[in-house]
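Please prepare a short report on the structure shown below, covering its salt bridges, its fold and the confidence of the model.

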Amino acid sequence: MHLIKKYANRKLYNTTEKKYITKNYLSDLIKSGEDVIIIDNETGEDLTASIVSSLIAVKNGKQDKDVSTSLMFQLLRKGSGALTDYTKKYVSLWQNAFTMREDEIDGLVKKLVKNKEISQTEGNRFKKEITGFTNSLKEWISKTIDKRVNEILEAMNLAKKSQFDQLNSRITELEQKLTKFEKNEKNKKNEKN
């Protein structure tokens, strides 16, 4: 367990290793599986959730209290595709379960028709009703999962790639202006001399 103290000057101090660390180092600690607690040096307030959320690109520095620290640790450790991978795996499990059920129903209907317990028409109608119900249920589950994933992503307030691109573009623009300004100031200084 690493106890990290955050100072007013935004520096992070790892009391376990007895040294100042960067956010990149903190990110690497978490990704390597280390448990971390981050507290405010003055107040003792637990800042873990807000600091970790900033490591996974929460915009505006806001942390929604509904998003647990453990979820953020897992997402950071597993990378940006973790939530998508989990959702795909979950949906796949449900689809496999429904597929098995459809196969079982098909076998059951064939057996009932073969034993002349129901007619082929009744069997076809029964399969159609069950398949329709199954498809409706699949659609409902898929929509519910999509909705929940979107709620989680919204609650985490993650920055989008386009926002990072805009920020990078703005930084480049400001760097160019700063270089031009410094060059002009240097030229003015040279003219005075």
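Across the whole structure, a search finds five salt bridges, a salt bridge being a side-chain nitrogen of Lys or Arg within 4 Å of a carboxyl oxygen of Asp or Glu. The structure is a predicted model, in which local features need pLDDT of at least 70 and side-chain atom pairs count only at pLDDT 80 or more, whereas totals for chains, interfaces and linings use all residues. Residues are numbered from 1 along each chain as its sequence is written, and side-chain values use heavy atoms, with hydrogens and water left out.

Among the salt bridges are these:

| Salt bridge | N to O distance |
|---|---|
| Lys 19 and Glu 17 | 3.6 Å |
| Arg 170 and Glu 173 | 2.8 Å |
| Glu 173 and Lys 177 | 3.5 Å |

Arg 170 and Glu 173 both belong to helix 6 (residues 161-192), where they lie three residues apart, about one turn of the helix. Glu 173 and Lys 177 are likewise separated by about one helical turn, because they are four residues apart in helix 6. Salt bridges that share partners join Arg 170, Glu 173 and Lys 177 into one network. In general, an α-helix has 3.6 residues a turn, so residues three or four places apart point the same way.

Arg 170 counts as partly exposed at 39% relative accessibility, and Glu 173 is partly exposed with a relative accessible area of 32%. In the other pair, Lys 19 is partly exposed at 36%, as is Glu 17 at 30%.

The chain comprises six helices and four strands, taken as DSSP runs numbered from the N terminus (helices H or I, at least four residues; strands E, at least two). From the N terminus on, these elements run β-β-β-α-β-α-α-α-α-α. Of the 193 residues in the chain, 22% are buried. In helix 1 (residues 23-31), the buried residues are Leu 26, Ser 27, Leu 29 and Ile 30. Seen down the axis of helix 1, they fall within an arc of 155° (taken from the directions from the helix axis to the C-beta atoms), so they line one face of the helix. Gly 33, which follows helix 1, has a positive phi, near 100°.

The average pLDDT of the chain (the predictor's confidence in each residue, from 0 to 100) is 76, and 73% of the residues score at least 70. Over residues 57-67, however, the pLDDT is below 50, although this stretch has 20 contacts in the model beyond near neighbours in sequence, a contact meaning heavy atoms within 4.5 Å.

Methods: Buried means under 20% relative accessible area, exposed over 50%, partly exposed in between (1.4 Å probe, protein chains only).
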